[in-house]
Amino acid sequence: MLELLQKAVAMGGSDIFIVPGASVTVKVNNVLKNLTDNKLLPADTEAFIKQMYDLAHRDIHLLDEEGDDDFSFAILNVSRFRCNAYRQRGTMAAICRIVNFELPDVNKLGIPEIVMDLYSQRSGMVLVTGPAGSGKSTTLACLVDKINENRAAHIITIEDPIEYLHRHKKSLVSQREVPNDAATFSRALRAALRQAPDVVMLGEMRDLDTVRTAITAAETGHLLLSSLHTIGAAKTVDRIIDTFPPEQQAQIRIQLSMVLKAVVSQRLVPTVDGGRVAVFEVMTVNPAIQNMIRDGRTHQIDNVIYGGSDRTMMSMDAELQRLVRVGKITRDAALLYAANPETLAKRI
């Protein structure tokens, strides 16, 4: 297992797949490549997964009891690995995300300055959204690092599992992992409010209790950074509100309009040279958008972003158009990832 992990890192892989009936597979620039010649038998996958639990110093009974389990481990001079082991058709399987020890270079990642400038927010809620594997955790880690470099603050991160290790710089950074350091996200978040935080980075808002506590944290003068599996600012606002029972949604709209500061949406789009480029949409909450959230007119938010009159905002479709113009991505790729393909086709 150790040799396969080292090989996957050397190939520049992002994810490793250990599934019975297939070879050990690594994803490199969104292309699946075999790491082994032979297909895995159920006994092979079980042996590999037990080796990963040994590397993580974790009890495999958690997988046996629940049917799936998240954990992470590091290999010296190789990389960190964020894994999800699970049972399927009575056998064990696992997927591992490869995470570098060092925080990536913001410029190499292509994170726009307009996104990184959000570190200067002192209170409220900043959300980073996108589908799984789009780089949300990396963007959040880069924002935490920018705060760490520029502010004397107490930063608390709540993650499942911890991906990037933050050293103390100007700030003090406390990193809590669910379930090793805290039973649940909501419990860790409630505890964080009693730990004199200035900034709380919540890996993901997963349930009603966590969302409710996150809004409370943002209301009480803390900066809360978090992520959601949504695409686009309007859908993100709707997802948060729809988490609550219908009788509470009017009140939540009012609260959210006051605490939400920005929504960053991101996608990883294939490039013409076989790589991937991060494409961003940024919505900063101005008085007009506050009114739209409060009055339930979230369908109008996209028009404000795409209008382009506010320089603190960025449209994903406009970015896709720019990348086609400079020859970074193809027209077909741009239309596939566009929020409004028909309009973008006419612009291109």
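These legends describe close-up views of one predicted model. In this model, local features need pLDDT of at least 70, side-chain atom pairs count only at pLDDT 80 or more, and totals for chains, interfaces and linings use all residues. Residues are numbered from 1 along each chain as its sequence is written, and side-chain values use heavy atoms, with hydrogens and water left out.

**View 1. Six strands form an open, antiparallel sheet.**
The order of the strands is β3-β2-β1-β6-β5-β4. Strands (E, at least two residues) and helices (H or I, at least four residues) are DSSP runs, numbered from the N terminus. Two strands pair if DSSP finds at least two bridges between them. At the edges stand β3 (31-34) and β4 (68-75), and each pairs on one side only. On average, neighbouring strands of this sheet are turned by 25 degrees against each other, direction ignored.

**View 2. Strand β4 pairs with strand β5, and helix α2 lies across both.**
β5 covers residues 79-88. The two strands run in the antiparallel sense and share 8 bridges. Look for Phe73, which stands opposite Phe81 in β5. Helix α2 (residues 42-56) also lies across β1 (15-18) and β6 (91-99). The helix runs at about 60 degrees to β4. Such angles run from 0 to 180 degrees between N-to-C directions, and the axes are lines fitted to C-alpha atoms, for helices over the stretch in contact.

**View 3. A second open sheet has 7 strands and mixed pairing.**
Its order is β9-β8-β10-β11-β7-β12-β13. The edge strands are β9 (172-177) and β13, each pairing on one side only. From one strand to the next, the twist averages 15 degrees. β12 and β13 are antiparallel partners over 9 bridges. Val264 stands opposite Val282 in β13.

Is Thr138 buried or exposed? Thr138 is buried, because its relative accessible area is 16%. The cut-offs are under 20% for buried and over 50% for exposed, with partly exposed in between (1.4 Å probe, protein chains only). Thr138 is in contact with Pro104, Leu109 and Tyr164, leaving aside neighbours within four places in sequence. Contact means heavy atoms within 4.5 Å.

**View 4. Helix α8 covers residues 208-219.**
The buried residues are Thr210, Val211, Thr213, Ala214, Ile215, Ala217 and Ala218. They pack against several elements, including β7 (124-129), α7 (185-192) and β10 (199-202). At the start of α8, a side-chain oxygen of Asp207 comes within 3.3 Å of the backbone nitrogen of Asp209. After the helix comes Gly221, with a positive phi near 95 degrees.

**View 5. Val259 sits in helix α10.**
Val259 counts as buried because its relative accessibility is 4%. Among its contacts are Ile215, Ala218 and Glu219, not counting residues up to four places away in sequence. Gly124 and Met125 also touch Val259. Val259 and Leu224 are 35 residues apart in sequence, and their C-alpha atoms are 9.6 Å apart in space.

**View 6. Helix α13 (residues 316-325) has a buried face.**
Met316, Asp317, Glu319, Leu320, Leu323 and Val324 are buried. Seen down the helix axis, these residues fall within an arc of 160 degrees, so they line one face of α13. The arc is that of the directions from the axis to the C-beta atoms. The buried residues pack against β12 (260-270), β13 (276-284), α14 (331-337) and α15 (341-347). Ser315 caps the N-terminal end, with a side-chain oxygen 3.3 Å from the backbone nitrogen of Asp317. Just after α13, Gly327 takes a positive phi of about 80 degrees.

**View 7. Asn303 lies in helix α12 (residues 301-307).**
Asn303 counts as exposed because its relative accessibility is 55%. Asn303 and Ala10 are 293 residues apart along the chain, and 44 Å separates their C-alpha atoms.

Notes
The expected span of a helix is 1.5 Å times one less than its number of residues. A polar contact is a pair of N or O atoms within 3.5 Å; within protein, one must be able to donate a hydrogen and the other to accept it, and residues adjacent in sequence count only if both atoms are side-chain atoms.
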